[in-house]
Amino acid sequence: MTHQMHAYHMVNPSPWPLTGALSALLITSGLMMWFHSNSIFLLVLGLITNILTMFQWWRDIIREGTFQGHHTPIVQKGLRYGMILFIISEVLFFTGFFWAFYHSSLVPTTELGGYWPPAGIKPLNPLEVPLLNTAVLLASGVSVTWAHHSILEKDRINAIQALIVTISLGLYFTLLQIMEYYESPFTIADSVYGSTFFMATGFHGFHVIIGSSFLFICLMRQLKFHFTSNHHFGFEAAAWYWHFVDVVWLFLYVSIYWWGS
Amino acid sequence: MYYKFSGFTQKLVGAWASDAYNPQGLRPVVSREAPPIIFATPPKFPSATPAYDYAGKNHVPELQRFFQKPDGLPVHLKRGLPDQMLYRTTMALTLGGTLYCLVALYMAAQPRNK
């Protein structure tokens, strides 16, 4: 029997990249069918296959790392690089929306009245729910750090409690934003103000939901004893992502809610 | 007044009596269950349970043994039947959906007769 002479992880052949790529095809063409042919079937099929792929792919990673021991320190280093590069790509994604906002708001056109916020737009008061949202996310940043220290100190109960607090704060933020969207006096169709506001805050909210889901998976894994005090990269990746989501919100709050009002 | 060491602030902070009776960092050696009842015919106990048991037992060691069995199965099929069912469902939906998508795109590309 041959053994590998290096510490890297040669993964078993896996079908999930193929199903993931095809599910992306189904989602994009499904969107097209929904917009132009009044049929939601392909889109729903795409979303289902996407969720199935994510579930099985990440389940396999947990099997490979926690149960089969493939995540050596070198492999873990690679995973760290990967997560950092992914978050950087997400930063660049949001940079686009912030660029669009500043492009339109620094030099307001005559169609808008020559000033920002544009004529007829009544922006949300930054000192009301948006300020509460800021406090909620900052507090969740504290609680996720508490969770990390609890894991490092082998404190199982505190780690579980801290994760529950973090996830609850994330859900609270999401509910507050849903309420704000419902009550908002302006819509996405209301000039470039509405477009930039809802594209930036909308994608941010989507990322909050992703981050909360990631933390929820970490809670499940913590309950099942997957994390040890010196090896818990899955949790660290979730915590990094959550801090990123928090920082994006701070930029949103200062730029769009506060300066832009 | 009781005190405990807060890992977060690195200082002593006030605590409830429960923390004094269950000090952090000191894991109880004995099981927290009541002393064993003596039966005429002693019941069978499961193999050595860990002393500190919060919300479930640690199944990771047995899962590690299970997933490292040298049966040649790839990791996505290692559990056997449930894995296979889920894989087949995913693949069927994906490939079926792709064919449907290609047909729909072909039809959408046909010119509309005025």
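Visitor: How many salt bridges are there over all chains?
Guide: This is a predicted model, and a pair counts as a salt bridge when a side-chain nitrogen of Lys or Arg lies within 4 Å of a carboxyl oxygen of Asp or Glu. Counted by this rule over all chains, the salt bridges come to five.

Visitor: What is the N to O distance in the salt bridge between A:Arg59 and A:Asp60?
Guide: Side chains of opposite charge can pair when their charged atoms come close. A:Arg59 and A:Asp60 are both buried, and their side chains meet in a salt bridge with an N to O distance of 2.8 Å.

Visitor: Which residue of chain B forms a salt bridge with A:Arg59, and why does the pair join two chains?
Guide: The partner's side chain meets that of A:Arg59 at 3.3 Å, N to O, and both residues of this pair are buried. Because A:Arg59 lies in helix H2 (residues 41-67) of chain A, while its partner lies in helix H3 (residues 81-108) of chain B, the pair joins two chains, and that partner is B:Asp83.

Visitor: Which helix of chain A holds A:Arg63, whose side chain meets that of B:Asp83 in a salt bridge?
Guide: The N to O distance between A:Arg63 and B:Asp83 is 2.7 Å, and both residues are buried. This pair joins two chains, because B:Asp83 lies in helix H3 of chain B and A:Arg63 lies in chain A, in helix H2.

Visitor: Which residues are linked with B:Asp83 in a network of salt bridges?
Guide: B:Asp83 meets the side chain of A:Arg63 in one salt bridge and that of A:Arg59 in another, while A:Arg59 also pairs with A:Asp60. The residues linked with B:Asp83 in this network are therefore A:Arg59, A:Asp60 and A:Arg63.

Conventions: Residues numbered from 1 in each chain as written. Chains lettered and ligands numbered in written order. Predicted model: local features only at pLDDT ≥ 70, side-chain atom pairs only at ≥ 80, totals over all residues. Heavy atoms only, no water. Buried < 20%, exposed > 50% of the residue type's maximum accessible area, 1.4 Å probe, protein only. Helix = DSSP H or I, 4+ residues; strand = E, 2+ residues; numbered from the N terminus.
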